[in-house]
Amino acid sequence: MRKLLMLVAALLGTLAIAVAPGSAVTGNFVADNEHPYVGLVAFYDAEGEFMWRCSGSLLTDRVFLTAGHCTDQDAEESPVSARIWFHQDAGAEYDPETQLDPTTGYPDYCIEGDPLCVEATLLFDFGFDNFAGFPNIHDVGLIILPEDQAVELPEYGQLAGAGFLDSLSSREFKDATFTVAGYGLTKTNPAQTVSFRSRLMAVTQAANLNRSSNTAGFNLQLSGNPGGGRGGLCFGDSGGPVFYGGFSSNVIVGVNSWLFGFNRQTCGGTGFAFRTDTEAVIEWILGIVEEYAPGELDEIQFVEAP
């Protein structure tokens with residue numbers, strides 16, 4: 001996890017408050033059986049050693065969307081391969097002593113013949129550079145699966161079209177429900193850390209889109225208050241989807257990206273997602289897919305503003 005610590009350290013010198021990568025689900029969460037295309041992804045170095053884990057979403061049977069700081073190809077420690085599990089309980093039986101989940105093989109291998117576990121070496125990031133240019137941190141990543149490891153599922157995530165969130169009126173934005181999903185930490189404090197390594201989801205509300213220096217049109221600020229039946233984000237994995245709407249929604253408007261640092265010890269910090277409903281991000285995604293998996297271009301689905 002040295003890279004994640006480096007990200008925090010780099011920000012301490014530029015921001016009045018620390019931020020850290022994050023995307024786990026906390027508060028009033030439930031098991032996520034609604035989004036089978038949301039997966040737990042582990043990254044490895046050139047020697048095949050485990051580096052860190054994140055979450056993400058299949059947009060087609062071969063195109064996996066995650067956070068840029070997960071796939072960052074320009075860091076001193078950059079991953080060269082990834083393994084993705086699409087089980088709801090992908091790492092739930094992880095044994096700290098053996099450092100392995102014997103049911104799924106997380107985080108070291110795929111069980112032979114398991115159609116819900118795949119390996120890939122085509123990793124890309126949208127120019128992410130250790131939070132440089134904040135708040136436009138380019139925190140979007142892609143993994144292209146090999147053709148022989150395409151994951152056949154009944155549905156995949158849909159991308160909100162360019163300007164989707166901008167088209168909402170102030171009232172619509174204030175009243176909107178968002179759903180977060182991921183596999184990360186659920187509770188962390190000096191006395192206790194809880195990580196189910198299961199796909200969880202929770203409904204939340206957005207607090208800001210354009211009206212602060214932390215968002216500025218690039219990031220979606222989500223409410224950190226888990227009260228009132230809502231959930232939120234916690235320190236842990238990143239790259240999980242933020243859906244516009246309730247639990248049944250497939251419309252992705254952002255990827256879980258970072259947290260305010262002052263509350264992350266108790267999983268109460270405000271969460272931020274890097275928006276995917278911008279022309280720049282959409283063009284980048286389509287450009288990568290066109291070059292490395294052109295047959296998938298027509299399979300990516302977009303949803304226009306309501």
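The tour goes through the disulfides and then the aromatic pairs.

Before you click, note that this is a predicted model, where local features need pLDDT of at least 70, side-chain atom pairs count only at pLDDT 80 or more, and totals for chains, interfaces and linings use all residues. Residues are numbered from 1 along each chain as its sequence is written, and side-chain values use heavy atoms, with hydrogens and water left out.

**Stop one: the disulfides**

How many disulfides does a search of the whole structure find? The search turns up two, counting a pair of cysteine sulfur atoms within 2.5 Å as a disulfide.

Select cysteine 54 and cysteine 70: their sulfur atoms sit 2.1 Å apart in a disulfide. Cysteine 54 is in strand 4 (residues 50–58) and cysteine 70 in helix 2 (residues 68–71), so this pair ties together parts that are 16 residues apart in sequence. (Helices, H or I with at least four residues, and strands, E with at least two, are DSSP runs numbered from the N terminus.) Look along the S-S bond and you'll find a torsion of about -95 degrees, so the disulfide is left-handed.

Next, pick cysteine 110 and cysteine 117, joined by a disulfide with 2.0 Å from S to S. This link is left-handed, with -70 degrees about the S-S bond, and both of its cysteines are buried.

**Stop two: the aromatic pairs**

Time for some rings: the structure holds twelve aromatic pairs. Rings of Phe, Tyr and Trp (its six-membered ring) pair if their centres lie within 6.5 Å; planes under 30 degrees apart are stacked, over 60 edge-to-face, and the rest tilted.

Select phenylalanine 134 and tryptophan 258, an edge-to-face pair at 5.2 Å centre to centre, with 65 degrees between the planes. The two are 124 residues apart: phenylalanine 134 is in the loop between strand 8 (122–125) and strand 9 (141–144), tryptophan 258 in strand 19 (residues 251–260). Phenylalanine 134 is partly exposed at 21%, while tryptophan 258 is buried at 0%.

Move on to phenylalanine 164 and tyrosine 244, which form an edge-to-face pair, 5.0 Å centre to centre and 75 degrees between the planes. Phenylalanine 164 is buried, at 2% relative accessibility.

Key: Buried means under 20% relative accessible area, exposed over 50%, partly exposed in between (1.4 Å probe, protein chains only).
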